[in-house]
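Please read it beside the sequence and the coordinates.

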Amino acid sequence: MSPVTYFTQLFTQTRRQAPADLERPGQQFLVRAGYIHPVAGGTPFLPPLGTRALNRMRKTFLEEIKALGGMEIHLPPSGERADLAHLPLLDFLSVHLRSHRQLPVLWFSLNQRPQETPQRGGGLLSARSQTVLEIISLHREESELERTSADLAGTLLGFLRGLSLPLVGGEDLPFAGLQTGQAWMIPLEIGEERLLICEECGYTAASSAARFARPEPVSDSPLPLKKVPTPECKTIADLAKFLGIPESQTAKAVFFTARREGKEELIFAVVRGDREVNEAAIRRATGAEALFPASEEAIRAAGAEPGYASPVGLKGVHVIVDTEIPGTPNLVAGANEAGYHLLNTVYGRDYTATQVAEIALAQPGYACPECREPLSETRGLTVARSIRFSSDFIRDRGLNYFDENGQSRPVWMEIHTLNLTRTFACLAELRHDNYGLILPPQASPFEVHLVVLPGKENGVASALPEVLKQLEQMNLDVLVDDRSESPGVKFNDADLIGVPVRLTLSERSLQQGGIEVRKRWESERQTIPLEDLSDWIRKSLSQRG
Ligand SMILES: [Zn+2]
């Protein structure tokens with residue numbers, strides 16, 4: 001990158017008004033400043049300014065990956081389905097992976113990937129095609145993978161936190177064949193992922209990972225078990241209405257077929273009738289690699305009746321109940337007979353479970369697990385992911401290598417991804433004021449925006465080379481505005497574009513002893529001697545990481 005760019009080279013015209021159909025303030029600024037040019041229903045065009053911003057983000061992040069020994073590869077463009085995106089890579093590995101001597105591997109790839117879930121918000125948020133960095137690591141041993149995984153996650157999160165973006169992590173398994181998966185989201189109300197937050201203490205978690213405090217156990221004395229006819233009561237709502245009781249006095253039964261260590265097994269989950277089950281929590285608790293809704297045949301084969309199922313009388317089935325169930329006596333549950341339910345089932349007396357775990361899904365209004373205040377819901381956008389393939393999946397794909405003893409073993413494989421397009425789109429939403437964007441140096445197209453106001457004397461013209469020389473020596477990316485526009489227009493454009501450091505060289509600044517400096521995130525301006533410029537810039541850029 002050439003260190004100095006002149007404003008006219010950016011080509012785009014800044015705009016006073018955003019297109020009428022663009023509602024989000026951050027996306028409006030991206031269009032007005034000339035970072036993006038909207039394309040109806042598609043991916044915005046990126047002129048030099050927008051391209052530079054993404055390139056600088058990529059460069060900063062990749063320097064760290066290269067420092068870890070990463071080598072670049074090119075993956076072919078993928079279709080819409082996320083689970084098929086890695087097929088070409090897996091196929092390549094199955095052909096070329098032979099020996100432990102080829103491992104470990106650390107590759108990175110810059111890809112255009114389709115947006116998995118259409119995003120609201122317009123502009124870059126709704127871009128159909130996104131620039132995504134993928135980091136692929138392959139290892140002999142799980143312990144080796146763990147170490148690199150921690151380094152990569154540290155680099156990834158360090159990079160995102162360095163942009164001062166709020167981040168929320170949660171479990172995320174986007175497709176089958178994975179052993180573990182993590183997603184990191186930026187809270188933003190237009191996002192597609194649900195997050196639960198506590199306004200009181202700040203507890204925040206992705207919906208799939210969120211916990212909540214269950215009510216204190218009820219001390220009601222157990223009542224006798226009684227079978228009653230409940231015709232046409234296949235749902236909890238029907239049942240509660242028919243019996244004239246709240247849904248919270250019923251037990252909800254949900255069956256899954258779980259895949260674990262290559263075998264399929266029926267899992268019977270029970271939560272209070274007014275709760276939903278959290279599949280991610282069941283996977284975590286049982287160690288299942290994948291969960292599918294169980295078929296009616298599988299449910300009947302276990303001795304239960306679909307729509308009228310309960311753990312009462314079942315044998316040889318993995319039963320997992322929510323932690324709330326043992327403390328809630330006298331729940332109505334299915335009788336495992338069509339058209340009948342049992343009143344007053346009591347955990348411990350009428351049935352027990354293989355496991356008791358927190359498997360109910362947290363919802364807004366439930367009590368915060370830390371402070372018991374009600375949780376509220378917000379939304380977020382996933383910007384980074386980490387997925388680890390299960391060893392079954394790896395073995396099925398033939399991704400094996402021969403170890404030192406000539407034994408064939410499955411390789412350990414993980415993929416970390418960072419969505420640059422989304423990160424920048426979120427940055428625009430979260431980092432702006434009424435005048436424009438406020439970008440951190442790593443995500444700004446330039447580090448320094450130099451406004452030159454020539455005036456009548458030739459003082460500015462003779463001081464300019466000295467200023468440029470200093471900036472060049474610091475190897476900074478500099479935007480120079482030497483257009484013949486008014487100072488007001490130039491300052492407005494600088495605010496709009498949002499480069500972290502603004503310098504103004506004018507007759508007035510020279511009369512006051514040097515050059516005027518301003519940090520984009522502060523309103524204060526000051527004039528400093530030219531010889532102090534490098535120090536001031538260095539200090540200012542390091543303050544804003
Ligand atoms: Zn709280």
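## Basis and overall layout

This is a predicted model, in which local features need pLDDT of at least 70 and side-chain atom pairs count only at pLDDT 80 or more, while totals for chains, interfaces and linings use all residues. Residues are numbered from 1 along each chain as its sequence is written, and side-chain values use heavy atoms, with hydrogens and water left out.

Taken along the principal axes, the C-alpha atoms of the protein chain fill a box of roughly 100 × 60 × 40 Å. The secondary structure comes to 13 helices and 25 strands; helices (H or I, at least four residues) and strands (E, at least two) are DSSP runs, numbered from the N terminus. Of the 545 residues of the chain, 54% count as buried. Here buried means under 20% relative accessible area, exposed means over 50%, and partly exposed lies in between (1.4 Å probe, protein chains only).

The chain is divided into domain 1 (9-169 + 382-430), domain 2 (226-361) and domain 3 (446-542), with bounds that come from an automatic or database domain assignment. Between the C-alpha centres of domain 2 and domain 3 the distance is 68 Å.

## The zinc site

Four cysteines hold the protein donors of the zinc ion: Cys198 (SG), Cys201 (SG), Cys368 (SG) and Cys371 (SG), lying 2.3 Å from it. Donors are N, O and S atoms within 2.8 Å of the metal (3.2 Å for Na, K and Ca); water is not among the atoms, so sites may look incomplete. Along the chain, the donors follow the spacing C-x2-C-x166-C-x2-C.

The arrangement is tetrahedral because the 4 donor atoms subtend angles of 100 to 118° around the zinc ion. Four donors count as tetrahedral if all angles lie between 85 and 135 degrees. As for accessibility, Cys198 is buried, with a relative accessible area of 3%, whereas Cys201 counts as partly exposed at 40%.

## The cavity

Rolling a probe the size of a water molecule over the atoms shows where empty space is left. A search of the whole structure finds 1 cavity of 30 Å³ or more, and the largest cavity has a volume of about 40 Å³. On a 1 Å grid over the protein atoms alone, a cavity is a set of points where a 1.4 Å probe fits but cannot get out, and lining residues have an atom within 4 Å of a point. Grid points are joined across faces, edges and corners, and a volume is the space filled by probe spheres set on the points.

The lining of the largest cavity consists of Ala494, Asp495, Val499, Arg502, Arg518, Lys519 and Arg520. Helix 11 (487-497) and strand 24 (515-519) are the elements that give two or more residues to this lining. By class, the lining residues divide into 2 nonpolar, no polar and 5 charged. Ala, Val, Leu, Ile, Met, Phe, Trp, Tyr, Cys and Pro count as nonpolar, Asp, Glu, Lys and Arg as charged, and the others, Gly among them, as polar.

## Backbone geometry

Most residues other than glycine have a negative phi, and most peptide bonds are trans. The peptide bond from Leu103 to Pro104 is cis, with omega near 0°. Pro104 is found in the loop between helix 3 (87-96) and strand 3 (105-114).

Glu232 is not a glycine, yet has a positive phi of about 55°. This glutamate is in the loop between strand 9 (226-229) and helix 5 (236-243), and Glu232 is exposed at 71% relative accessible area. Asn344, also not a glycine, has a positive phi of about 65°. Asn344 is found in strand 15 (residues 340-345) and counts as buried at 15% relative accessibility.

## Separations along the chain and in space

| Pair | Apart in sequence | Apart in space |
|---|---|---|
| Ser484 and Tyr203 | 281 residues | 52 Å |
| Leu223 and Thr345 | 122 residues | 8.2 Å |

Ser484 is in the loop between strand 22 (478-481) and helix 11, and counts as exposed at 79% relative accessibility. Leu223 is in the loop between strand 8 (204-206) and strand 9, and is partly exposed, with a relative accessible area of 42%. Thr14 is found in the loop between strand 1 (4-6) and helix 1 (25-33), and counts as partly exposed at 27% relative accessibility.

Note on methods. Four donors count as tetrahedral if all angles lie between 85 and 135 degrees; four count as square planar and six as octahedral if opposite donors are over 155 degrees apart and all others between 65 and 115; anything else is irregular. On a 1 Å grid over the protein atoms alone, a cavity is a set of points where a 1.4 Å probe fits but cannot get out, and a pocket is an open set with protein on both sides within 12 Å along at least five of seven lines; lining residues have an atom within 4 Å of a point.
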